[in-house]
Amino acid sequence: HNISKSELYGVIAHELHHIAQNNRVLSKLRKIEPGDAFAYFLDPAECEAFLIGFRAQSHYSGKHEVDCMSDYLAPRVAQGYLTQQQKDKIINTWLTVKWCDIE
């Protein structure tokens with residue numbers, strides 16, 4: 001796979017955040033139909049992990065977080081999995097993430 005070092009750091013940060021999340025909370029949040037990209041990207045646990053990942057990618061790449069997010073979602077819009085309006089809502093949601101209660 002052709003992935004930059006900054007993207008790889010973002011993926012690692014994303015997945016480490018999932019490891020840090022409470023599995024009990026994750027199991028309650030994930031009620032998404034397979035193939036529903038929009039719902040997946042708006043899942044509260046995923047929103048947290050995506051924001052953490054894009055913060056890392058942004059730091060190591062020097063690109064703004066929004067640009068990293070937009071670049072990541074653009075192929076999904078081009079392939080018809082998301083509309084431009086959905087992409088904009090996802091990015092806004094990631095930027096204003098509501099942190100899960102993981103007691």
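Trainee: Is Ile19 buried or exposed in this one?

Mentor: Exposed, because its relative accessibility is 68%, and the cut-off for exposed is over 50%. Bear in mind that this is a predicted model.

Trainee: OK. Which helix does Ile19 lie in?

Mentor: Ile19 sits in helix α1. Ile19 also belongs to a nonpolar patch on the surface, together with Ile3, Leu8, Tyr9, Val11, Ile12, Leu16 and Tyr60.

Trainee: How much accessible area does that patch have together?

Mentor: About 770 Å². Helix α1, residues 5–20, gives the most to the patch, with 6 residues.

Trainee: What about His17, buried or exposed?

Mentor: Buried, because its relative accessible area is 17% and the cut-off is under 20%. His17 is in helix α1 as well.

Trainee: And what is His17 in contact with, leaving aside neighbours within four places in sequence?

Mentor: Glu48, Ala49, Ile52 and Trp99.

Trainee: Let me stay on α1 a moment. What does Ser6 touch, again not counting residues up to four places away?

Mentor: Ser6, found in helix α1, touches Gln57, Tyr60 and Ser61. Tyr60 is one of the patch residues too.

Trainee: Zooming out, how many helices and strands does the protein have?

Mentor: 6 helices and 0 strands, so the pattern along the sequence reads α-α-α-α-α-α.

Trainee: How much of the protein is buried?

Mentor: Buried residues make up 33% of the 103 residues.

Trainee: What share of the contacts join residues at least 24 apart?

Mentor: 60%, taken among contacts between residues at least 6 apart in sequence.

Trainee: Now the inside. How many residues are in the largest nonpolar core?

Mentor: The core has 14 residues, and those with the most contacts inside it are Phe41, Phe54, Met69, Leu73, Leu82, Ile90 and Trp94. Two or more residues come from each of α3 (37–42), α4 (44–61), α5 (65–78) and α6 (84–95).

Trainee: Which of those elements gives the most?

Mentor: α4, with 4 residues. As background, nonpolar side chains tend to be buried together in soluble globular proteins.

Trainee: Pick Ile90, then. What does Ile90 touch?

Mentor: Phe38, Phe41, Leu42, Leu73 and Leu82, not counting residues up to four places away in sequence. Among these, Phe41, Leu73 and Leu82 are also on the list of residues with the most contacts inside the core.

Trainee: Switching to charges: how many salt bridges does the structure hold?

Mentor: 1 salt bridge. Lys63 forms it with Asp71, and the closest N and O atoms are 2.3 Å apart. In general, side chains of opposite charge can pair when their charged atoms come close.

Trainee: Last one, Ala74. What is the C-alpha separation between Ala74 and Lys87?

Mentor: 7.9 Å, with the two residues 13 apart along the chain. Ala74 is found in helix α5 and counts as partly exposed, because its relative accessibility is 32%.

Technical notes. Residues numbered from 1 in each chain as written. Predicted model: local features only at pLDDT ≥ 70, side-chain atom pairs only at ≥ 80, totals over all residues. Heavy atoms only, no water. Core = buried A, V, L, I, M, F, W, Y, C linked by side-chain atoms within 4.5 Å. Buried < 20%, exposed > 50% of the residue type's maximum accessible area, 1.4 Å probe, protein only. Contact = heavy atoms within 4.5 Å. Patch = residues over 30% accessible without salt bridge, like charges linked within 9 Å, V, L, I, M, F, W, Y side chains within 5 Å. Areas by Shrake-Rupley, 256 points an atom, 1.4 Å probe, with all protein chains shown as cover. Salt bridge = Lys/Arg side-chain N within 4 Å of Asp/Glu carboxyl O.
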